[in-house]
Amino acid sequence: MRGLISLVVVGATVLVAVALVMLRPQALSGVLPPAALSALSGLGGSEMPKADALPADFLADSASGLLATGPIAAHMGNRPLFIDAAVSGYSTRVSADIPAEITTIRPILGCRLTAPQPGSVVGHATSGVSGLTLALSTYNDGHLAAAVQTFVDRYRSIGPDAPFADDGPAYDAYDVAVTETQAPVYLVLENRSGNRMWNLHLAPGARIERVILLGGDQAGVANLDPVVPVEVILNDGLAACGIQPAYPLNPGHLLMQAAIGKVPTQSRQEAEAQLSALGTAVDAYDVWFRDSFGVMAKESRVGFDEGTLSVIGPVPDAAATKAAYDPIAGARIRTTQDQFFEIRGQVAEGQDFAARVRAIASAFANGNLATLSQGMDF
Amino acid sequence: MLRVLIGSGLLLMAVGFGAAGWQYWTNLPAMPADQDLAADAGDVSPGQTGWLVSPTGGLIAAEDMRGYLAQDRLIEGRIATVIHTAPLTALLAEDDSLPTEPYLQVFADIRAPRMAEGLCAALLGTIAQDCAMHSARVVPGSVDPAGGTARFRIDLAYRLKPEEEALPNLGERVFQTETLGIGGAAETTADETPVAESAEVPAEVAAVDATAADAVTAVIAAALEACAAGDDRQACRIMSLSVDWAPGNPTAGQARIGWLSSLPEGIFPAPSLDPAPADPQG
């Protein structure tokens, strides 16, 4: 009997272990507390650098750009740095974070930004794909109309049981740690596309002079002192001003590889012509950037094509001088918004994105969604 | 202890193989595609041999064969496609108004079935025994907010009226098709299945039609005229058609017709491969 009980205990343990390996700890996110999940994720080993690993081991020079594949941040010269060397308590669990206060800001009128003060340090962070999707979204009639079309297409292909719980375009977070404490920092935060929420983490003694948000559809900043001014030019504003952000490509980029004849599907001449056009755009952007902020864009940028954190300033030499991670939960944020703004789970019934989409589709179908069905059953 | 260990092992194996078997079972396709095709092709018309041959002796594609022979039901391949321009206000009901510009495209797409009105009547009044709307969509990107118009694509499935004369013996005929370009190239040629025996034969049609339904009637008339024009075209049928119409513009269309004709000279039907009847005395 005792042997049987032992066997059952051993079997159950093995099953749980296999389940964790197969499903990954994230499958238990609704069951286990975040701390336990974090510990389990750590056990996997993929996020934990080995003792002799270098930050560069976690930076992939890929066909689509420079990709952070481990716990690294972008640092001066756009070189990789282990996150825990600059930030304490870092976390990427932001999907349920709800800010305490949201203030709407608007893009500037015109194309001229306030220049940095003499003696201040210009910090320039760029963000690509972060994957840190927040519970905040903002959208307009164009997004709703596109979603209604998606809803109609799904209804027509699957039928009335077609699931539709889409959200509007969410903000993706990107972290910026400021470890520069010798001078005020003039922060230029540049995004390529989508809605971006820049989350700041300051080392003790760090001061922010001004924040410039460039690019993206909408942009905001979290954990910034309310007295610090913020100026914004979004993608449409940059285009209206004739400004086209551009940077040199990494050596492993598809276009660079094509230019040296290593991509059989792409012509070498075509790639060279594209690179030449890109070079012209890079130079033009550099000139505008230098005229606006006093530094060259390609030399000052700190940020990979895929990653979650840029560090502005020197690597702290002691734990006490590291930037402490500030969550977006309970933070004060300032952001531009589109026509509608939504916090997931905090919207009145029937007022969320999916409900609006259904309501519009229903209204267009004269109240009868069944009329959307098409296609004969041959 | 050993028995328990062996028993547990067997149990685990049963669970593992059982799960794998279940996955295999659930992933099996409901019916093999060939089986489905064979069932469909064989179900053409009672009394027919159910196959057609081209003048070069090649077999006719199953889809074409169904499009020509299977007139007892609506089928996927026999479609009349009508692309026409209409004012967006035609989509409105009483006391209705158009939505703001970002929504015009999806609004037109949802209300597109209204644009099919009268089109089936044009088919039923000429060649069709039965007609039903298969789909009605707005052509992507065709909404013109300034002009207040959009282009709509309506697909109608139809089956032909029964003919007075029964089909001749299919084994003694060859099947041919022809694609007629009527009044200019229609925009739907890409959807058509290419067939080796098809040919482009331009035909003239009345320059401007008052409505999309009139344009359908005109294209059908031109196709029927082409059917009648051939000397050796028996049981000529309209297998599909497409019409492109805009108010004030000449109608453009295509019609695909199929017919039976005599075997080419020097070709004879093969004798039956059935076994010879048994000799009553032998």
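A residue is buried if 20 or more other C-beta atoms lie within 10 Å of its own, exposed if 12 or fewer, and partly exposed in between, with C-beta atoms placed from the backbone. By that count, buried residues make up 33% of the 378 residues in chain A. The model is predicted: local features need pLDDT of at least 70, side-chain atom pairs count only at pLDDT 80 or more, and totals for chains, interfaces and linings use all residues. Residues are numbered from 1 along each chain as its sequence is written, while chains are lettered from A and ligands numbered from 1 in the order in which they are written.

Start with chain A as a whole. Its secondary structure comes to 8 helices and 19 strands. These are DSSP runs, numbered from the N terminus: helices are H or I with at least four residues, strands are E with at least two. Contacts are set by distance: two residues touch if their C-beta atoms, placed from the backbone, lie within 7 Å. Among the contacts in chain A with a separation of 6 or more, 73% link residues 24 or more positions apart.

Next, the sheet. Chain A holds an open sheet of 5 strands in the order β14-β12-β10-β7-β15, with parallel pairing. Its edge strands are β14 (230-233) and β15 (301-302), and each pairs on one side only. Strands pair if DSSP finds at least two bridges between them. Strand β10 (residues 185-191) and strand β12 (residues 208-214) of chain A run parallel and are joined by 6 bridges. Within chain A, Val188(A) stands opposite Ile212(A) in β12(A). In general, strands of a sheet pair through backbone hydrogen bonds, either parallel or antiparallel.

Strand β7 (residues 121-127) of chain A contains Ser127(A). Is Ser127(A) buried or exposed? Ser127(A) has 31 other C-beta atoms within 10 Å, so it is buried. Leaving out residues up to four places away in sequence, Ser127(A) touches Tyr174(A), Asn191(A), Arg196(A) and Gly303(A). His75(A) lies 52 residues from Ser127(A) along the chain, and their C-alpha atoms are separated by 13 Å.

Asn223(A) has a positive phi of about 60 degrees although it is not a glycine. Its place is in the loop between β13 (218-222) and β14 of chain A. Asn223(A) counts as buried because it has 20 C-beta neighbours inside 10 Å. Asp95(B) also has a positive phi of about 60 degrees, and is not a glycine. Asp95(B) is found in the loop between β1 (79-87) and α4 of chain B. The axes of α3(A) and α8(A) come within 9 Å and cross at roughly 70 degrees. Axes are lines fitted to C-alpha atoms, for helices over the stretch in contact, and angles run from 0 to 180 degrees between N-to-C directions. The classes are set by angle: under 35 degrees is roughly parallel, over 145 roughly antiparallel, 65 to 115 roughly perpendicular, and the rest oblique. From α3(A), Leu144(A), Ala147(A), Val148(A), Phe151(A) and Val152(A) meet Arg356(A), Val357(A), Arg358(A), Ile360(A) and Ala361(A) in α8(A). This contact of α3(A) with α8(A) has 8 nonpolar, no polar and 2 charged residues. Here Ala, Val, Leu, Ile, Met, Phe, Trp, Tyr, Cys and Pro count as nonpolar, Asp, Glu, Lys and Arg as charged, and the others, Gly among them, as polar.

Helix α3 of chain A also meets chain B.

One helix pair spans the two chains. The axes of helix α3 (residues 141-158) of chain A and helix α4 (residues 104-111) of chain B come within 8 Å and cross at roughly 25 degrees. The two helices are therefore roughly parallel to each other. Ala145(A), Val148(A), Gln149(A) and Val152(A) in α3(A) meet Gln105(B), Val106(B), Asp109(B) and Ile110(B) in α4(B). The residues of this contact divide into 5 nonpolar, 2 polar and 1 charged.

Chain B has a mostly covered helix, α3 (residues 62-69), with 6 of its 8 residues buried. Those buried residues are Asp64(B), Met65(B), Arg66(B), Gly67(B), Tyr68(B) and Leu69(B).
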